[in-house]
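Try each task before reading its solution.

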Amino acid sequence: MTHDTSSRDSLLALFGGTFDPIHYGHLKPVEQLAKEAHLDRVVLLPNNVPPHRPQPEATAQQRLKMVELAVQGNPLFSVDDRELKVDTPSYSIVTLETLRKEYGADRPLAFIIGQDSLLTLHKWHRWEDLLRVCHLLVMARPGYAERLDTPELQRWYDQHHVEDAAKLKQRPHGFIYQANTPLLDISATEIRQRRHEGKSFADLVPDAVERYIESNSLYTK
């Protein structure tokens, strides 16, 4: 019997990022998270104009191509390029509300973020609305604090936090789950830096992504 990933009780997770370039620090923790939280599918959402970060070095089309190459043949992942089609900042809540309308009110949706993002979530556009639309799946990141900045924020976290990943499929939104993902200290900044210095970065990205970066002479300036 094939599992129907459109069924209302299957958990769809969304993972946004600049992906400049996509690397194992993105992919391996998400694969581990998928096993732990019983994710049926993870949709990668490349950002166009990141509101909180410097502009990407690679073009939108180059970053999209690298994401597609990175997950080619992997049934866990699919790619959604909707944020690349607009020239305004990619606000997560706006994209998530659009996806919520598409999937309906009952489908469990989750948004994957890193521990670093959780700690600065209160600075995001309309951050208080996120849990009204989806669950939050938080991946550990090397060197980041475990508690939030203020007692109010910590109370908000404690109120929504669940230990049991099975609960994520029982409601369409509203929970925070802290995943026990591997701590991979890999950053896109490091990859770009290695390229600028003419050093190898093959251990940090999938082979197809490495070949694409090399053949398109990305990150050499």
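**Exercise 1: the chain as a whole**

Of the 221 residues in the protein chain, 50% count as buried (buried is under 20% relative accessible area, exposed over 50%, partly exposed in between, with a 1.4 Å probe and protein chains only). The model is predicted, so local features need pLDDT of at least 70 and side-chain atom pairs pLDDT 80 or more, while totals for chains, interfaces and linings use all residues. Residues are numbered from 1 along each chain as its sequence is written, and side-chain values use heavy atoms, without hydrogens and water.

Task: work out how many helices and strands the protein chain has, and whether its radius of gyration is close to or far from the globule rule.

Solution. Start with the secondary structure: the protein chain contains 8 helices and 7 strands (DSSP runs numbered from the N terminus, helices being H or I with at least four residues and strands E with at least two). Next, take the radius of gyration, which is 17 Å and close to the 17 Å from the globule rule for 221 residues, so the chain is as compact as a globular protein of that length (the radius is taken over C-alpha atoms, and the rule is 2.2 Å times the number of residues to the power 0.38). Then look at the extent: the C-alpha trace spans about 50 × 45 × 35 Å along its principal axes. Finally, turn to contacts (heavy atoms within 4.5 Å): among those between residues at least 6 apart in sequence, 75% join residues at least 24 apart.

**Exercise 2: positive phi**

Solution. Begin with the background: most residues other than glycine have a negative phi, and most peptide bonds are trans. His38 has a positive phi of about 55 degrees, and its relative accessibility of 47% makes it partly exposed. Arg126 has a positive phi of about 50 degrees. Arg126 sits in the loop between helix 4 (115-119) and helix 5 (130-133), and with a relative accessible area of 31% it is partly exposed too.

**Exercise 3: two separations**

Task: locate Thr88 and Asn216, then find how far each lies from a second residue.

Solution. Thr88 is in the loop between strand 3 (77-79) and helix 3 (92-103). From Thr88 to Pro182, 94 residues apart along the chain, the C-alpha separation is 33 Å. Asn216 is in the segment after helix 8 (207-215). From Asn216 to Gln72, 144 residues apart along the chain, the C-alpha separation is 19 Å.
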